[in-house]
Amino acid sequence: MTTRRRFLAAAAGALAATTLLAGCGKDTSGGADDGATGTITYFTFSAAPDHLKDLDAIKAEFEKQNPGIKVQVQTAAYDDYFTKLQTAIAGGTAPDTFELNYENFVTYARAGALLSLDERAKADKDYDANRLYPKALESFQFKGKLYAVPSTFSDVVLFYNKKLFDAAGVAYPTADWTWADERAAAQKLTDRSKGVYGDYQPVTFHEFYKALAQNGGSFLSEDGKKATFNDAKGLEAAQWLLGKPGTVQPTVAEIGGKADYDTALFKSGKLAMWHNGIWQISGLADTAGLDFDIVTEPGNARKANAVFMNATAVSARTKKATAAWKWARFLGSSQKAVETRLAANWELPAVNDQAAFDSYLTKTPPANRKAVFEALENIALPPVLDAQQAKMQDTVTQALEKAASGQATPQQALDEAAAAVTALIK
């Protein structure tokens, strides 16, 4: 996907509890299994439309190494993916294997929709847990058991246009930058008369929870029973985001609902700094005349970076568990999958193998690809509200939009959103 819309919309995939929780309590460790061969299905959102050929290459190598197994790929756009997956699971037609992101994983695991993979992992001599990135492996465990094999990760960095910085006589961003540094540079780089903007950062849930972490705040109370993002640290984080539209970045009205407006603005050389994910690199690298680089995002009280992780899960109802496990493992850690993802800039494989990333680090642009891995030193994962994730994210985004449009003060908007999120918990 091009923008993944992770900054513009809530994760539409958080499931309604009434749909999936009927599966709770059943044994998901798998019973008698004659599914070591045959055709298995795989449902994915990250491959289409940009990486179908890359996935085909991985699939071809898997089928070559496992001649008794065929993989049938099914795809859907991210915005539609989880609705379709929910419908398939509820109707008893779930794919054998499917892609899950971190935000939705717990809901599916708790609902009993996923097969526990522990036994197969322990019995498989070709599986090496140490090859996978530890944080990703931990993130896809539920109640101490593995329910999905990590496949990829991506993170958010600060892209910047070197030509605009040079023309304005502003020093390039560094990893030591703070919000104040970014604000000062953005003001110098903005020239609205020429349609040039100094900064772009969406006013959404995903950007807010990250800014809150950068400001030393907490989204939820320590016991997870109350929303706490409306305190002084949360207000400052909201004001940081809300202070950009109409000053150093376009207003919502100026954008006019145009899809991928920020991408086009950066590619056209009219945007100096851009908060976005590393999945943008491949498209930018092919843009003629664009001279850009990346750096870890500035923090305020501390550094905090958004990291997205995907994994391959196996349906609890599959009749081909062994074949499904082999495919999930291959997608996560095989040399072919790793090499293909790196060559295609298709996010990054979630492997704990620095040698595997050597070729990635030497590619340009951007020159500072080490920032991708520096971001992993200070991870800020999104808060997860089981069975209410989409509602929670929508609530926060809508409150921020209300403040941005002047319908409420930032504090009023946060207070309203915090009360609503606390009610969702209860």
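1. Basis of the model. The structure is a predicted model, in which local features need pLDDT of at least 70 and side-chain atom pairs count only at pLDDT 80 or more, while totals for chains, interfaces and linings use all residues. Residues are numbered from 1 along each chain as its sequence is written, and side-chain values use heavy atoms, with hydrogens and water left out.

2. Overall form. The chain holds 19 helices and 11 strands, where helices (H or I, at least four residues) and strands (E, at least two) are DSSP runs numbered from the N terminus. With a radius of gyration of 22 Å, close to the 22 Å that the globule rule gives for 426 residues, the chain is as compact as a globular protein of that length. That radius is taken over C-alpha atoms, and the rule is 2.2 Å times the number of residues to the power 0.38. Along the principal axes, the C-alpha atoms fill a box of roughly 65 × 50 × 35 Å.

3. Of the 426 residues, 56% are buried; buried means under 20% relative accessible area, exposed over 50%, and partly exposed in between (1.4 Å probe, protein chains only). Among contacts (heavy atoms within 4.5 Å) with a separation of 6 or more, 79% link residues 24 or more positions apart.

4. Helix H10. In H10 (residues 232–242), the buried residues are Gly 234, Leu 235, Ala 237, Ala 238, Trp 240, Leu 241 and Leu 242. Their cover includes helices H8 (179–189), H9 (205–214), H18 (389–404) and H19 (410–425). At the start of H10, a side-chain oxygen of Asp 231 comes within 3.2 Å of the backbone nitrogen of Lys 233.

5. The buried residues of H15 (residues 335–344) are Ala 337, Val 338, Thr 340, Arg 341, Leu 342 and Ala 344. What covers them includes helices H2 (52–65), H13 (281–285), H14 (321–333) and H16 (358–362), together with strands E6 (148–161) and E10 (348–349). The loop between H15 and E10 contains Asn 345 and Glu 347. Although not a glycine, Asn 345 has a positive phi of about 55°; Glu 347, also not a glycine, has a positive phi of about 50°. Asn 345 is buried at a relative accessible area of 13%, and Glu 347 is buried at 5%. Most residues other than glycine have a negative phi, and most peptide bonds are trans.

6. Cis peptide bonds. The bond from Thr 364 to Pro 365 is cis, with omega near -10°. A cis bond also joins Pro 365 and Pro 366, with omega about -5°. Pro 365 is placed in the loop between H16 and helix H17 (370–374), and Pro 366 is likewise in the loop between H16 and H17.

7. Asn 101. This residue lies in strand E3 (residues 97–101) and counts as buried, at 0% relative accessibility. The side chain of Asn 101 makes a polar contact of 3.1 Å with the side chain of Tyr 78 and another, of 2.7 Å, with the side chain of Asn 104. A polar contact is a pair of N or O atoms within 3.5 Å; within protein, one must be able to donate a hydrogen and the other to accept it, and residues adjacent in sequence count only if both atoms are side-chain atoms.
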